[in-house]
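I opened a new notebook page for this structure. My plan was to look things up one at a time and write down what I found.

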Amino acid sequence: MREPPRINSEDQLKNTHLLRRGGLLAAVVASVAIAGAAPASAAPGDGSAYGVKVDVKLLGLDAVKAGPLAEAKTSGPTTNSLAKANLTGVLTAGAINTEAKRDDNSGAVTAKASTADVGLPLLKSALGSVGVKVVEATCTATQKGVQGATNLVGANLGSAGAVDSTPAPNTQVKVGLGDANVATIILNEQIKNGDGSLTVNAIHVKLLGQALNPLGSGDVIVSSATCGPAGLPVPLASGAGLWIGLGLLGAVAIPVGIRVVRNRRPATTA
């Protein structure tokens, strides 16, 4: 009778080593695939919003810095509010409400800031009484792109006159006092940032700070929202994304297993 094939002990050790290497490689592939399904690798875009931010140096007075007030972020807190704000000689405001949220299923980001009963006494010497009942900035980021808007309710810029409730992006109003151009009011200021996000400042007052400027220098921003770009539409840690990750694992790990099996064929002796 023919003797059954015998496995050389050296070959057996070699095959065992290959099996271990194959198992280790499969484990590494698994860890890479699962790591690819972690939420951090598919985080949606960020967003933020605030009601008021002030950084000015008025002529003959101390510098005034405040804000961002009632700031909200997609990382939390996603909503915020403030009953009122009063920066003597610069700005007065009533209720501020903000929110910044993202949809983990679609990757969309939305941000919104609303400030009520806004007054700008820093412009009184140039324009008289300046006030807006509601100042609102919004922005939205989806897979189609990023867009923003400004809505002003009851806006009156004193001697500069009334303004449209939905001003065009980057509408500018020059503010003069005597022969000097002392400030610029930018309505619906829209800034495209280097990371692809969009910042919408509903009202941005820029004091020009030129020589002999009777007002001063600095910036006042009322209602600001930043968002985008949108994140991935499907979070890889769950749902369809999980199946994608497992599919990747199978596609890479199966050939590894086949290779191990082929290398386990026993050696035969005559």
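**Entry 1: N188.** I started in a strand. N188 sits in β12, residues 180–192. Helices (H or I, at least four residues) and strands (E, at least two) are DSSP runs, numbered from the N terminus. I noted the ground rules next. This is a predicted model, where local features need pLDDT of at least 70 and side-chain atom pairs count only at pLDDT 80 or more, while totals for chains, interfaces and linings use all residues. Residues are numbered from 1 along each chain as its sequence is written, and side-chain values use heavy atoms, with hydrogens and water left out.

Back to the residue. N188 is not a glycine, yet its phi is positive, near 55°. Is N188 buried or exposed? N188 is buried, at 3% relative accessible area. Buried means under 20% relative accessible area, exposed over 50%, and partly exposed in between (1.4 Å probe, protein chains only).

Entry 2: T150 belongs to strand β10. T150 is buried too, with a relative accessible area of 4%. I listed its contacts (heavy atoms within 4.5 Å). Leaving out residues up to four places away in sequence, T150 touches E136, S165 and V200, among others.

**Entry 3: another positive phi.** N170 has a phi of about 60°, and N170 is not a glycine either. N170 lies in the loop between β10 (145–153) and β11 (171–177). I found N170 partly exposed, at 38% relative accessible area.

**Entry 4: cis peptide bonds.** I looked at two proline sites. G67 and P68 are joined by a cis peptide bond, with omega about 5°. P68 is in strand β2, residues 63–69. G228 and P229 are also joined by a cis peptide bond, with omega about -5°. P229 falls in the loop between β14 (216–227) and α3 (240–262).

**Entry 5: the disulfide.** How many disulfides does a search of the whole structure find? The search finds one. A disulfide here is a pair of cysteine sulfur atoms within 2.5 Å. C139 and C227 form the bond, with sulfur atoms 2.4 Å apart. C139 is in strand β9 (residues 131–142) and C227 in strand β14, so the pair ties together parts 88 residues apart in sequence. Both ends are buried: C139 has a relative accessible area of 2%, and C227 has 0%.

**Entry 6: strand β14.** I stayed with this strand. Ten of the twelve residues of β14 are buried, so the strand is largely enclosed by the rest of the structure. What does β14 pair with? Strand β1 (residues 47–58) pairs with β14 in the antiparallel sense over eleven bridges. V52 has V222 as its bridge partner in β14. β13 and β14 also pair in the antiparallel sense, over ten bridges. There, K206 stands opposite D219. Pairing requires that DSSP finds at least two bridges between two strands.

**Entry 7: the core.** The largest nonpolar core has 50 residues, and V90, L123, I185, I203, L207 and V220 touch the most other members. Strand β13 (residues 198–208) gives the most to this core, with six residues. A nonpolar core is a set of buried Ala, Val, Leu, Ile, Met, Phe, Trp, Tyr and Cys residues joined through side-chain atoms within 4.5 Å. I followed I185. Beyond four places in sequence, its contacts include L123, L157 and I203.

**Entry 8: salt bridges.** I found two salt bridges in the structure. Each is a side-chain nitrogen of Lys or Arg within 4 Å of a carboxyl oxygen of Asp or Glu. D46 pairs with R102, the closest N and O atoms being 3.0 Å apart. D46 lies in the loop between α1 (9–36) and β1, and R102 in strand β7 (residues 96–102), so they tie together parts 56 residues apart in sequence. D46 is exposed at 52% relative accessibility. R102 is partly exposed at 33%. K112 and E136 form a salt bridge as well, at 3.6 Å from N to O.
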